[in-house]
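Please describe this structure at the level of strands, helices and side-chain contacts. Give the cut-offs behind each term.

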Amino acid sequence: MTETDEAGAFPTGAAWPAEHRDPGTGVVDLRRVGANPDFWYPIALSKNVRRERAFAATFAGERIALFRGQSGTVYALEDRCAHRQVPLSMGVVEGETLRCCYHAWAYRGDGRISQIPYLSKGDGRPPRGVRGYPVREAYGLVFVFPGDPERAAAASLPDLPAFGSPRYRTMTYSRTVRCHYSFMHENLLDMNHQFLHRGVVGRLHPELLDSRTDERSVEARYLFSHAGGKRNRGAGLLAAEGIGGSDSRDVMTIRTEYPYQTLDLVPENAERPAFRLWVAYVPEDAEQRRCHTFGLLMIEKPRIPGALRLAWPLIRRFTERVFAEDRMAVEAEQRAWDEQGEDRNREVFSLILDVREVLRTNGVPIRPRAAACGAASVCTGQGRDPAAVPDTP
């Protein structure tokens with residue numbers, strides 16, 4: 001980004017509003033930086049958007065109605081009827097249209113009104129529709145493009161070759177965490193917090209082997225060794241070490257590639273990762289102090305048929321416990337920010353300073369709600385003008 005554009009995205013530097021900066025240092029407060037809407041974000045599990053049913057989702061305070069038509073195609077509309085502003089997610093799906101539950105106005109998948117049942121020649125000119133979002137399904141998730149729709153075609157969905165591979169089985173996660181999404185990026189990238197998980201993984205010693213960064217990404221490689229203590233059985237099974245565990249050393253590669261994050265763990269002497277994690281942190285509320293975590297944990301199948309199926313409950317229990325401990329920590333960080341009204345974090349780890357810069361330079365300001373922006377916390381200026389919607393036939 002080089003200059004303020006019609007979509008409302010700001011660059012780094014002087015164009016950022018003063019209220020987004022630390023008054024002492026002048027640095028943009030990362031916790032006031034919003035997720036850039038010009039990417040594909042998952043906002044629902046595919047299984048939750050059932051055929052001929054509507055589903056309510058959100059992105060950064062912007063309410064989105066998803067519905068699956070009779071053909072199986074998923075559509076995404078601004079979640080308000082253009083008539084009385086009643087949520088369209090409360091409506092009824094008929095074929096490939098969504099009908100508002102209040103006065104039965106019907107909408108096509110692109111947001112245009114297809115029918116007003118009682119409209120007569122003497123009635124006033126009706127509105128032309130609501131915003132429709134580009135939407136795709138992949139990896140068991142429903143992705144929407146909440147930014148400039150003209151940029152959607154050029155933007156790529158994440159590439160996950162392990163998903164659907166016969167070598168791997170995928171465990172899916174969908175959880176709300178009450179913190180700014182940046183805390184989640186920092187938590188996963190900074191493996192020096194293993195003391196937090198001492199009750200489930202024992203004493204782990206992470207050694208940073210190397211790291212690299214560019215405008216959109218930060219990658220770190222750690223060497224993990226087990227230094228003692230009791231290890232949860234699910235941890236050993238997930239790392240392909242067997243129920244008893246082992247003293248092998250593992251290489252873990254973690255990468256933030258804006259706006260997503262990945263983690264690969266390769267056990268010592270192994271040819272491929274024992275597991276691969278892909279995760280997205282999608283802001284829910286307008287202030288972006290709450291995010292929804294969508295995760296895909298792709299676990300390598302052992303040579304013994306059915307072994308992973310038997311180990312599945314233990315692995316699930318282990319990962320849920322680790323996630324709960326991480327959530328406790330990042331939500332505590334968010335509470336501190338809320339109470340202090342600013343970011344008093346004093347980070348010393350250069351890797352985290354790097355990822356913060358990546359999140360700042362690729363993000364956009366969290367802007368106050370304004371009538372001109374509807375429900376959007378990051379005013380994109382796209383699809384909000386009814387005149388921009390084609391006439392209803």
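The report below covers the strands, then the helices, then the ring contacts.

This is a predicted model, in which local features need pLDDT of at least 70, side-chain atom pairs count only at pLDDT 80 or more, and totals for chains, interfaces and linings use all residues. Residues are numbered from 1 along each chain as its sequence is written, and side-chain values use heavy atoms, with hydrogens and water left out.

Helices (H or I, at least four residues) and strands (E, at least two) are DSSP runs, numbered from the N terminus. Two strands pair if DSSP finds at least two bridges between them. The pairings in this part of the model are listed here.

| Strand | Partner | Sense | Bridges |
|---|---|---|---|
| β16 (residues 250-257) | β17 | antiparallel | 8 bridges |
| β17 (residues 260-267) | β18 | antiparallel | 6 bridges |
| β18 | β19 (residues 291-300) | antiparallel | 9 bridges |

A hairpin through 2 residues connects β16 to β17. Across that pair, T253 stands opposite D264 of β17. Towards β18, the bridge partner of L263 is L277, and that of Q261 is V279. V279 also has a bridge partner in β19, namely G295.

Burial is judged by relative accessible area: buried means under 20%, exposed over 50%, and partly exposed in between (1.4 Å probe, protein chains only). In β17, 6 of the 8 residues are buried, so this strand is largely enclosed by the rest of the structure. Strand β18 (residues 275-283) is likewise largely enclosed, because 8 of its 9 residues are buried.

## The open sheet β6 to β9

Four strands make an open sheet in the order β6-β7-β8-β9, with antiparallel pairing. The edges are β6 (92-94) and β9, each with a single partner strand, so one side of each has no neighbour in the sheet. Inside the order, β7 (residues 97-99) and β8 (residues 106-107) are joined by 2 bridges in the antiparallel sense. L98 stands opposite Y107 in β8.

Q115 belongs to β9 (residues 113-115). Its relative accessibility is 36%, so Q115 counts as partly exposed. Q115 and W105 are 10 residues apart in sequence, and their C-alpha atoms are 5.9 Å apart in space.

## Helices α1 and α4

Two packed helices are described by the angle between their axes and the distance between the axes. Axes are lines fitted to C-alpha atoms, for helices over the stretch in contact, and angles run from 0 to 180 degrees between N-to-C directions. Helix α1 (residues 181-189) packs on helix α4 (residues 307-340) at an angle of about 130°, with the axes 10 Å apart. That makes α1 oblique to α4; angles under 35 degrees count as roughly parallel, over 145 as roughly antiparallel, 65 to 115 as roughly perpendicular and the rest as oblique.

## Ring contacts

Rings of Phe, Tyr and Trp (its six-membered ring) pair if their centres lie within 6.5 Å. The whole structure holds 8 aromatic pairs by this search. One aromatic cluster is formed by F143, Y260 and W278.

A charge sits over a ring if NZ of Lys or CZ of Arg is within 6 Å of the ring centre and within 35 degrees of the ring normal. Which ring lies under the charged end of R31? It is the ring of F183, whose centre is 4.0 Å away. R316 lies over the face of Y173, at 4.7 Å from the ring centre.

Definitions and conventions:
Rings of Phe, Tyr and Trp (its six-membered ring) pair if their centres lie within 6.5 Å; planes under 30 degrees apart count as stacked, over 60 as edge-to-face and the rest as tilted.
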